[in-house]
Amino acid sequence: MSTNATPADSAVNASSDDLATAATTLIEQFPDDAGDEALPSVDDIVTRLDQMVNGYNVPLDEATRATRNHYLDVLGIEYDDLALSSQSAGDTTLDEINTDGQWVRVTVKVVDLWEPTSDSIAQVGLIGDESGRLKFTKWAKADLPELDADGVYRIDNVVTSEYEGRYSINLNSRSVIEPVDDDIEVGDNAEELTIEAPMVAIQSGSGLIKRCPHDGCTRVLQDGRCAEHGKVEGEFDLRIKAVFDDGVRVQHAIFDKEATEALADITIEEAKQQAMDALDTSVVANDLTDALVGRYYRVSGRVIGKYLLVDEADPLA
């Protein structure tokens, strides 16, 4: 087994058709009067995506988000001005949500409502369907109807968010809330799991990252931009997105800051200093890859969606 896996090893190159489809979809999202600069052509975007995906092995969805954020800055427009809509023809169950920035429609029951921690949040709490439960945030600027505890709603045009392997949904100004005269028996999507396996890859988005500093928002920044709040000064975080393979099961895992510090014997302050010395944050992920990939571990935690959220991890001889 090679011990030189890199974050790019798990990426899959995209065909010209895939790139053209992604570029066309991206062009259609921009308004016709998108600022002083001319809109990019499909060929311009395909060239940019091809370099990132097939040149640097960045996953297509990440490359698309980075390209969209680049043109938001170039064109001088805001994320809310994009012509975004639900990508799902029907309802998405909560256990199917496994991508950050995915636009979906859900039918859910409000399980619990929490006290908002910021004036920018109108409501926050827990929603559920038969497949499991997720956190939701309804932003105050969206000016949407109130959700009642134990109420059942069909909510269209909500966008997903990911934090340390835990997914949530955000209700925004494009969301549509429709009460449903029905009840839902809410399921539990958490599963305890312990595996013993080698770590075969550390994926992109690992190491020293920056998150949106706004209360209630934990999005990882792409090119200094939050999909919800635009260009912001991010706050540093440390994580590992790892892949384990015991020959029978391939398991994706998320190590949060505390789990990463414990496994790699590094603090976030040391990681920040390391990046500062190298003038490059990617040096942290590269060093984690060199130190950890190819070794065997006993890893325990809860599985939500496709991710094992690591509570404990111990090296094995």
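Two strands count as paired if DSSP finds at least two bridges between them. The model is predicted, so to speak of local features we need pLDDT of at least 70, while side-chain atom pairs count only at pLDDT 80 or more and totals for chains, interfaces and linings use all residues. Residues are numbered from 1 along each chain as its sequence is written, and side-chain values use heavy atoms, without hydrogens or water.

Helices (H or I, at least four residues) and strands (E, at least two) are DSSP runs, numbered from the N terminus; the protein chain has 6 helices and 14 strands. Have a look at S7 (residues 191-202): 3 bridges join S7 to S11 (residues 235-245), and the two run antiparallel. Here Ala 201 has Val 243 of S11 as its bridge partner. S7 is also joined to S13 (residues 296-304) by 8 bridges, again antiparallel, with Glu 192 partnered by Arg 302 in S13.

Now for helix H1 (residues 16-29). Which of its residues are buried? They are Leu 19, Ala 22, Ala 23, Leu 26 and Gln 29, where buried means under 20% relative accessible area, exposed over 50% and partly exposed in between (1.4 Å probe, protein chains only). Seen down the axis of H1, the buried residues fall within an arc of 115°, so they line one face; the arc is taken from the directions from the helix axis to the C-beta atoms. The face turned away carries the exposed Ser 16, Asp 17, Thr 21 and Glu 28.

Across the protein chain, buried residues make up 47% of the 317 residues.
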